[in-house]
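Here are my notes for you to read with the model open beside them. Take the points one at a time and find each residue as you go.

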Amino acid sequence: MSTPPVTDRADHPAIRVRGLEKSFKDLKVLRGVDVDVARGSIFALLGSNGAGKTTLVRILSTLLKADGGRAEVNGFDVASRGAEVRESISLTGQFAAVDEILTGRENLTMVARLRHLKDAGAIADRLLRRFSLTEAGARRVATYSGGMRRRLDIAMSLVGDPPVVFLDEPTTGLDPEARLEVWSAVKELAAAGTTVLLTTQYLDEAEHLADRIAILHEGRILVHGTLDELKRLLPPAKVEYVEKQPTLEDVFLSLVGTAANGEKR
Ligand SMILES: Nc1ncnc2c1ncn2[C@@H]1O[C@H](COP(=O)(O)OP(=O)(O)O)[C@@H](O)[C@H]1O
Ligand SMILES: [Mg+2]
């Protein structure tokens, strides 16, 4: 290994964001965003299309510079300690970065070699096992289902064991079965101690996966908390005999308004 791994800076939260601002020309995308993500947790950043989720993730992964505010990942400032941040994270985008021509195992060993890790083959085999891809590992990715591809993509982002993983809309475009496969892969990640920040426009995804949820709307975090905390923001609707708890969708729509729901499939 040519560079020592960046160990978890355990006394720091995995992610800390304060007053983050970003504009594209006149378009103010982030207008003072505050976020804290605890180590080993799954944090869902929920927002409609165009809310600024990808912009925030790109700033946190040092691909984009903020105009104002501060952000730390794994205890490192994204503006001044970019190299350490990049060694602490992986980023998986909406569009899988796997090579179709190669097999699953070849994709994984290639990434391990690019990262100058020893025993690339053993690392690949471990990740294939972990994501239930051992049998598929010898096949070209071109033959994989959408869920298998996305699982392989997540596995590739884990080569080198980054403590913090960003998943930008990990299930957009997947069929229901593939979504469930990805969900269980994400849960397993957090169970193994990795911090996961995922973005999603799907309320049920945040509801199902996340320890904490933040709603990003018009450049700010409108609310954040556990699912139960968010549900408590609305009084339970009284139905004749039973109390109906508000769903996350009720909370989201009451805060963001119905217009934001237009894209939902
Ligand atoms: N590089 C860019 N140049 C100009 N506008 C951008 C750029 N990146 C994103 N935007 C705009 O910023 C807004 C937020 O985009 P994005 O962060 O991708 O939202 P989301 O990921 O929540 O869908 C959108 O209106 C988008 O068009
Ligand atoms: Mg996006």
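**Notes on the strands, the core and the ligand**

1. Let's begin with a strand pairing: β3 and strand β9 (residues 212-217) run parallel and are joined by four bridges. If you want one spot to look at, F43 has R212 in β9 as its bridge partner. Keep in mind throughout that this is a predicted model.

2. β3 has another partner too. Strand β8 (residues 195-200) pairs with β3 in the parallel sense, over five bridges.

3. Now, how well covered is β3 (residues 42-46)? Mostly covered: five of its five residues are buried. I42, A44 and L46 point one way, while F43 and L45 point the other way, and all of them are buried.

4. The largest nonpolar core has 71 residues, and A44 and L108 are the ones that touch the most other members. Setting aside residues up to four places away in sequence, A44 touches L198, T200, A206, L209, A210 and I213. As background, nonpolar side chains tend to be buried together in soluble globular proteins.

5. Stepping back to the whole protein chain, there are nine helices and 12 strands. Of its 265 residues, 44% are buried. Among contacts with a separation of 6 or more, 66% are between residues 24 or more positions apart.

6. There's also an open sheet of four strands, in the order β2-β1-β4-β5, and the pairing is antiparallel. Its edge strands are β2 and β5 (76-77), each pairing on one side only. Strand β1 (residues 15-24) runs antiparallel to β2, with eight bridges between them. Within that pair, I15 stands opposite V37 in β2.

7. Which residues are around ligand 1? They are F24, L27, V29, G47, N49, G50, A51, G52, K53, T54 and T55. β2 (27-37) and α1 (53-60) are the elements that give two or more residues to this shell, and α1 gives the most, with three. Sorted by class, the shell has four nonpolar, six polar and one charged residues.

8. Most residues other than glycine have a negative phi. H116, however, has a positive phi near 60°. H116 lies in the loop between α3 and α4 (120-130), and it counts as exposed because 11 other C-beta atoms lie within 10 Å. S132 isn't a glycine either, yet its phi is positive, at about 50°. You'll find S132 in the loop between α4 and α5 (146-157). Why does S132 count as partly exposed? Because it has 14 other C-beta atoms within 10 Å.

9. Last stop: L102, in the loop between β6 (89-92) and α3 (104-114). L102 has 15 C-beta neighbours inside 10 Å, so it counts as partly exposed. Beyond its neighbours within four places in sequence, L102 is in contact with N107, M110, R140 and V141.

Definitions and conventions
Residues numbered from 1 in each chain as written. Chains lettered and ligands numbered in written order. Predicted model: local features only at pLDDT ≥ 70, side-chain atom pairs only at ≥ 80, totals over all residues. Buried ≥ 20, exposed ≤ 12 C-beta atoms within 10 Å, placed from the backbone. Contact = placed C-beta atoms within 7 Å. Near = placed C-beta within 6 Å. Nonpolar A, V, L, I, M, F, W, Y, C, P; charged D, E, K, R; others polar. Pairing = 2+ DSSP bridges. Core = buried A, V, L, I, M, F, W, Y, C linked by C-beta atoms within 7 Å.
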